[in-house]
Amino acid sequence: MTVIGRQQLAPIEGDYNLTNYEEACQHISWDEVKQQFSWSESGLVNMAYECIDKHVVDGYGNKIGLHYVNGAYEETYTFAEIKEKTDHIATVLRNQGVKKGDFVFIFLPKHPDCYFAMIATIKLGAIAGPLFEAFMEEAVKDRISDCDGRFLITDTDLLKRVPKNELPSLEKIFITDDVQLLGEKEISLIKELEKTEIEEDITTWVDLEHGLNIHYTSGSTGKPKGIIHAHRAMVHQYQTGKWVLDLKEDDVYWCTAHPGWVTGTVYGIFTPWLNRATIVVNGGRFDAKGWYHTLETAGVSVWYSAPTAYRMLMAEGNDLPNNYDLSNLRHLLSVGEPLNPEVIYWGQETLGKRIHDTWWMTETGAQLIVNLPSEVIKPGSMGRPFPGISIAILDDDGIEQSRGSIGHLAIKAPWPGMMKEVWKNEEKYQSYFPFEGWYVSGDLAVQDEDGYIFFQGRSDDMINSSGERIGPFEVESKLIEHPAVAEAGVIGKPDVLRGEIVKAFIVLRKGYTGSDALLEEIRKFVKTRLAAHSAPREMEIVSELPKTKISGKILRRELKARELAKLSQQVQ
Ligand code: PRX
């Protein structure tokens, strides 16, 4: 692979779906993309139809649509089988009262049943509410009760975390595994399927603006908010699948996220299936050997994961992947949090592939800033706007900033994947649009002369030390380049003299012990390689960093809260 200049990575030669970024930016027409869908002629829309049934109608019924791997266990399903299964489940749900516009919550592990339940729900025009499998009672309760949810699909194991008595709205709970003893509201899906004949014409047609899925997202205040997307999002999702994931006829695609997280639904189900790819579902928890095994066994060619996962693989050493045949793997992508350049270099050295960062949010419904396989990567950058998407860097008054200046990352609204509403919270929805025509993301970013966008932190994470604005991500990235540092979280700590100082919490790699000398060495490392004002004035070694449950992102806000609590104790 060619390294351009000091850092940039040239594209690997390949036959990509998109070969000329500039041209695509000039010529993309969302109306043309719409021609790909059956509803452009029929006027009848349903995401589930476009994901599954259409492929059967088009003659791809025998193609494998889903490959499930759980350790040594494997299962595959063709598109025809998935159509039959989801028609069948949809028939049962409909007979039990589920109808267009109802919320159906799905609380299942990464297992084919979860994917079938999602598609069956959507076939009926109901709104699918997938819940992350690691949610505990409070999180399950908050979400179902916010929607006055009447229906839930789960299994006997996860049912233990559903506080039924505190959810008066819940009428029916469908259990997917073999269960002998049923509680009051519980229904055995297996038994119902046995006694129900499949109704083939089960699809409920809806309009493009109809609700499709709901995902809850946390802000800096209050309870998580329910973001609802519409069926129209498929236009955006399909096209990013084509150009960013570069999906083709023979691709085997693995998105490691659980559908309870927006990536696991949009890029784990909708986008690959809209593009007729085979999806891989990997059961069980993260385990480096298990993951390499899945890549090998399923013959994964396109892989979408997250920086945390890549860092965890990195921590297991560079030799491990050599034990597996990863020759099918051709395209790697990342999302969800800053992708440290170090991780990209690791991917290049260890797997011989570039890792393509992408940026989007629950609210945006699909990728907006991307690194395309045919374009140069500047490590540390999230890439450039997807063709058809306009971005701007705004100051606090909504004035566009020049290239190179830091500001609020904003997107020209609307775009096809944009959220439809924030459930029962119009005020929150409106708060994303403080300036006419712009969606303001809450992220800070810089755009360089070539249009590449560099993430600088959430707007509330920024550090201001002696008037210098410092993005924590930049400092964290530099810290983890030091051989002793496994992970780092950086915050601004209040300081009388400087306003704030940079404080780093670090987790050491195995084999290193903390000492003043080591900390000083790490500090110097940042000072000399990044900038003096960015070097942490304070450092603390911790055994682990607080992270978000769903996506494993470093919770800087929590580090800051701890620090502020310590300071106030000192004052008292
Ligand atoms: O701060 C940005 C970060 O994740 C936020 C969105 O989080 P969520 O709604 O959970 O969706 C995650 C996946 C779609 C953003 O506001 N984020 C997302 N991608 C990146 C990122 N930060 C840095 N680099 C990225 N590539």
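View 1. A polar side-chain atom of lysine 553 sits 2.9 Å from a ligand oxygen atom. The side chain of aspartate 357 places an N or O atom 2.9 Å from a nitrogen atom of the ligand. Glycine 336 contributes a backbone N or O atom, 3.2 Å from a ligand nitrogen atom. A polar contact is a pair of N or O atoms within 3.5 Å; within protein, one must be able to donate a hydrogen and the other to accept it, and residues adjacent in sequence count only if both atoms are side-chain atoms. The ligand taken alone exposes 550 Å², and the protein buries 93% of that (accessible areas by Shrake-Rupley, 1.4 Å probe; for residues, only the protein chains shown count as cover). This is a predicted model: local features need pLDDT of at least 70, side-chain atom pairs count only at pLDDT 80 or more, and totals for chains, interfaces and linings use all residues. Residues are numbered from 1 along each chain as its sequence is written, and side-chain values use heavy atoms, with hydrogens and water left out.

**View 2. The shell around the ligand.** Around the ligand are 18 residues (near: a heavy atom within 4 Å). Asp357, Thr358, Thr362, Asp443 and Lys553 come nearest. The shell divides into nine nonpolar, four polar and five charged residues (Ala, Val, Leu, Ile, Met, Phe, Trp, Tyr, Cys and Pro count as nonpolar; Asp, Glu, Lys and Arg as charged; the others, Gly among them, as polar). α11 (262-274), β16 (355-359) and β23 (453-458) each supply at least two shell residues. β16 gives the largest share, three residues. Helices (H or I, at least four residues) and strands (E, at least two) are DSSP runs, numbered from the N terminus.

**View 3. The nine-stranded sheet.** This open sheet has mixed pairing and the order β4-β3-β13-β12-β14-β15-β16-β17-β18 (strands pair if DSSP finds at least two bridges between them). β4 (73-78) and β18 (384-385) are the edge strands, each pairing on one side only. Helix α12 (288-298) packs on the sheet and touches β3, β4, β12, β13 and β14 (contact: heavy atoms within 4.5 Å). Three bridges join the parallel strands β12 (252-255) and β14 (302-305). Tyrosine 253 stands opposite valine 302.

**View 4. The four-stranded sheet.** This open sheet is antiparallel, in the order β19-β20-β22-β23. Its edge strands are β19 (391-394) and β23. β20 (407-412) and β22 (438-447) pair over five bridges. Alanine 410 has valine 440 in β22 as its bridge partner.

Note on methods:
Axes fitted to C-alpha atoms, helices over the stretch in contact; angles between N-to-C directions.
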